[in-house]
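Student: I would like to learn how to read the arrangement of strands and helices in a model. Could we go through it feature by feature?

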Amino acid sequence: MEEDIEKNIKPHPPKEEQDASENIKKDAKGLFENLKKFVVELFDFREDTDHAATIDAIKADIPFKGATAWILIFAVFVASIGLNADSTAVVIGAMLISPLMGPILGLGMSFALNDIGTFKKSLKNLGVMIGLSLFASFMFFYFFPLSEDTSELLGRVKPDIRDVLIAFFGGLALMVARTKKGTIASVIFGVAIATALMPPLCTAGYGLAKGNFYYFLGAMYLFTINTIFIALASFLVLKFLRFPMHKYANAAKRKRSSTIATLVGIAVMIPAIFTFVNVFQENQIKTQIEAFTKNEIKNNDYYILMEQPDYDEKTKTLQLKFFNEVSDAEENSLKNSLLTDPRYEYLKEITLKVRDSDTKSFEVITTAYKENREELQESKNIIAGLQKQITALQETITSLNQRIEQDESYNNQKVIAFSTIAKDAKIRYTDIQQIGFAKMLFSKDFIKIDTIPVATVKWRARMADSIIAPKERELRTWLQAEMKLDTLFIKREK
């Protein structure tokens with residue numbers, strides 16, 4: 001009774017406050033519903049899908065013959081030239097004109113729609129495209145004389161986790177653009193550039209042409225990654241959009257085709273998963289090796305690395321080359337860091353090897369370096385002194401030549417400086433190896449003696465007489481004019 005009295009006595013909130021509270025709840029609920037509707041409309045692309053047009057467009061890009069074959073060959077040559085010239089712009093151009101994407105989307109669609117016929121056609125055309133691309137790139141790099149390793153080539157022989165993600169998300173973007181009513185061409189071009197199907201094939205052809213199977217296998221591995229994950233992305237998008245399954249004439253054939261498609265899909269998914277895990281682990285190992293080098297070595301002033309750590313994937317060995325001496329205790333400390341530090345989880349199975357840990361200390365090497373520098377400076381001083389002596393001797397010889405020529409000119413005013421004539425003769429007749437000039441006593445009747453000028457010339461060895469004879473006539477005429485002589489005899493030395 002008392003409780004009922006208290007309830008009746010307790011005041012109720014005003015009606016206006018109750019209405020305001022209800023309005024706030026309604027507004028909040030309406031805001032949430034509007035926000036939800038906005039997000040759904042923003043990301044929902046199912047209503048904007050054209051199933052029939054998408055299937056027809058993908059099937060139309062699968063066939064490989066006629067113009068498509070020539071386009072592929074030209075794209076291969078463009079990409080090969082771009083890789084050889086290390087030109088990113090040219091490589092991008094080859095990506096845009098390459099028709100490789102069609103059969104890959106056909107593979108993904110055939111799995112999603114249970115279409116065995118499309119699968120066979122896509123697989124056959126993709127195989128022919130790969131074979132023709134490898135052959136064309138092989139021929140280019142085999143016969144082109146300026147083939148060398150470039151950054152564009154080397155960037156496609158070692159795939160990492162980013163290549164997997166690029167191929168997968170690029171494939172998703174491509175299929176969403178393909179399924180949209182009114183295909184977005186810019187998206188298709190962008191995916192063609194990002195996934196880069198053509199450059200790995202050309203790099204594989206380069207590896208074959210040079211006999212470098214490491215380049216060949218690495219580039220084909222990258223191409224396989226791109227192919228598998230683009231096909232996987234197209235499969236997921238078509239399944240999400242509930243594209244209609246391919247219809248067969250009877251139930252038995254439909255069931256058999258479904259089983260085959262399922263088995264093939266699983267067979268493709270297994271290497272895709274393995275590839276992703278394998279590339280992810282390789283990327284983690286590389287990242288943690290860099291972290292280990294930075295944290296344990298570079299941040300420690302005691303350690304002095306000669307070069308970057310060398311990691312061998314086959315033997316799982318990490319080799320460190322130090323410039324200074326590293327004791328056994330310090331080496332064990334580095335090994336324990338690999339085994340126990342949680343930051344290097346993927347490096348626990350790696351064997352650490354320290355090279356040249358028993359070499360001389362840094363101080364000893366520095367002392368030897370300083371001594372060698374002092375010896376080198378002393379040698380430079382000696383060489384400089386000898387060069388001064390050589391210069392002085394050359395000046396003395398030149399002075400003596402001038403005096404001899406002056407004396408000769410004094411005795412015979414018709415004679416000019418022989419040094420000048422010798423230089424000019426060598427310039428005019430490059431085949432002359434040496435030249436001399438003198439006045440010789442001469443007698444025909446053994447009674448009267450005359451003085452005649454004689455020029456002695458030695459020509460380059462193995463010159464034919466038919467070539468030397470006219471040159472000697474020209475030389476004699478020129479010497480007579482320069483030395484102002486009435487007669488001059490040429491004597492040939494062998």
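Student: In which order do the three strands of the open sheet lie, and what is the pairing?

Tutor: In this predicted model, the strands of the open sheet follow the order β4-β5-β6, and their pairing is mixed. The edges are formed by β4 (432-442) and β6 (489-493), each of which pairs on one side only. Between neighbouring strands of this sheet the turn is 25 degrees on average, with direction ignored.

Student: In which sense do strand β5 and β6 pair, and over how many bridges?

Tutor: Strand β5, which covers residues 450-459, pairs with β6 in the parallel sense, over five bridges. As for individual residues, Lys458 has Glu493 in β6 as its bridge partner.

Student: Turning to helices, what describes two packed helices?

Tutor: The description rests on the angle between their axes and on the distance between those axes. Here, helix α7 (residues 116-143) and helix α12 (residues 213-240) have axes that come within 14 Å and cross at roughly 150 degrees. Since angles over 145 degrees count as roughly antiparallel, α7 and α12 are therefore roughly antiparallel to each other.

Student: What is the handedness of the crossing of α7 and α12, and which residues meet there?

Tutor: The crossing of α7 and α12 is right-handed. From α7, Leu126, Ile130 and Leu134 meet Phe216, Met220, Phe223 and Thr227 of α12. Sorted by class, this contact of α7 with α12 comprises six nonpolar residues and one polar residue, with no charged residues.

How values were computed
Residues are numbered from 1 along each chain as its sequence is written. This is a predicted model: local features need pLDDT of at least 70, side-chain atom pairs count only at pLDDT 80 or more; totals for chains, interfaces and linings use all residues. Side-chain values use heavy atoms; hydrogens and water are left out. Axes are lines fitted to C-alpha atoms, for helices over the stretch in contact, and angles run from 0 to 180 degrees between N-to-C directions. Helices (H or I, at least four residues) and strands (E, at least two) are DSSP runs, numbered from the N terminus. Angles under 35 degrees count as roughly parallel, over 145 as roughly antiparallel, 65 to 115 as roughly perpendicular and the rest as oblique. A crossing is left-handed if the near helix is turned anticlockwise from the far one by less than a right angle, and right-handed if clockwise. Contact means heavy atoms within 4.5 Å. Ala, Val, Leu, Ile, Met, Phe, Trp, Tyr, Cys and Pro count as nonpolar, Asp, Glu, Lys and Arg as charged, and the others, Gly among them, as polar. Two strands pair if DSSP finds at least two bridges between them.
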